[in-house]
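Please look at the structure below before reading the questions and answers that follow.

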Amino acid sequence: AVVSTQSTGGRPDLTVSPEEADALASLDEVLLDGLSGSRSSTLTSLSSLSSKRTVSFSDNKEVIPPVPTSSPPVSDPEDGDADGLESSFTITRNEGKAAQLQVQENYIKNVVAKYLAVSLQDVDALKDGVLLCQLLNVMRKNTIRMVHVPQGGEPLSTLKASRNLGGFISFAQLQFGRESISLPDLQAGSVPVIYELLKRLTAKFPLSSDA
């Protein structure tokens with residue numbers, strides 16, 4: 001028997017015998033199997049390639065270390081220099097204050113020596129007010145009528161010393177106004193306070209004055 005095949009247009013394209021038809025069918029199956037196997041192999045190759053790419057990416061990816069929540073303190077190399085400068089400044093300032101006090105103390109001693117002809121060894125000797133009152137009496141006669149002086153080598157009592165200093169303060173306030181002249185400052189022998197008062201008094205009542 002002869003098998004005739006029709007194309008989609010209805011015209012016979014090929015006439016084969018049954019044996020040839022079976023051979024063609026077998027060939028089609030082989031071709032289909034080959035195509036199926038090739039497709040499977042292709043899919044397997046693609047899958048393998050994808051897997052390799054994934055592994056390759058995983059192996060080569062960059063690992064970013066975690067960001068620390070707090071940074072350790074960083075020492076400034078200039079901190080040591082700053083501390084040294086500050087210490088030097090403090091020492092210099094203290095030396096300046098000491099030098100200023102020494103100048104003021106020398107001025108007080110010179111005033112006492114000039115007006116009273118007394119060599120004052122220590123400014124603390126002015127704490128009882130005796131020399132301060134005597135200075136006022138030289139600057140202006142009979143300024144302090146009652147000056148309490150030590151008796152029998154004993155120091156003045158606190159009360160008598162306070163009276164001497166009170167008279168000195170009263171006269172200074174009459175001359176320069178009601179300024180904040182503190183009795184405790186004089187009792188403590190404050191050099192800056194005594195220096196300022198004597199400087200103003202000697203300017204107003206120089207030694208050559210007849211007042």
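Buried means under 20% relative accessible area, exposed means over 50%, and partly exposed lies in between, with a 1.4 Å probe and protein chains only. This is a predicted model, in which local features need pLDDT of at least 70, side-chain atom pairs count only at pLDDT 80 or more, and totals for chains, interfaces and linings use all residues. Residues are numbered from 1 along each chain as its sequence is written, and side-chain values use heavy atoms, leaving out hydrogens and water.

Q: Does Gln173 count as buried or exposed?
A: Gln173 is found in helix α4 (residues 158–176), helices being DSSP runs of H or I with at least four residues, numbered from the N terminus. Because its relative accessibility is 15%, Gln173 counts as buried.

Q: How are α3 and α6 oriented to each other?
A: Helix α3 (residues 130–139) and helix α6 (residues 191–204) pack at about 10° with axes 11 Å apart, where axes are lines fitted to C-alpha atoms over the stretch in contact and angles run from 0 to 180 degrees between N-to-C directions. Angles under 35 degrees count as roughly parallel, so α3 and α6 are roughly parallel.

Q: Which residues does Leu198 touch, not counting residues up to four places away in sequence?
A: Contact means heavy atoms within 4.5 Å. In the packing of the two helices, Leu198 is one of the α6 residues that meet α3. Leaving out residues up to four places away in sequence, Leu198 touches Tyr107, Ile108, Val111, Leu132 and Leu135.

Methods:
Parallel < 35°, antiparallel > 145°, perpendicular 65-115°, else oblique.
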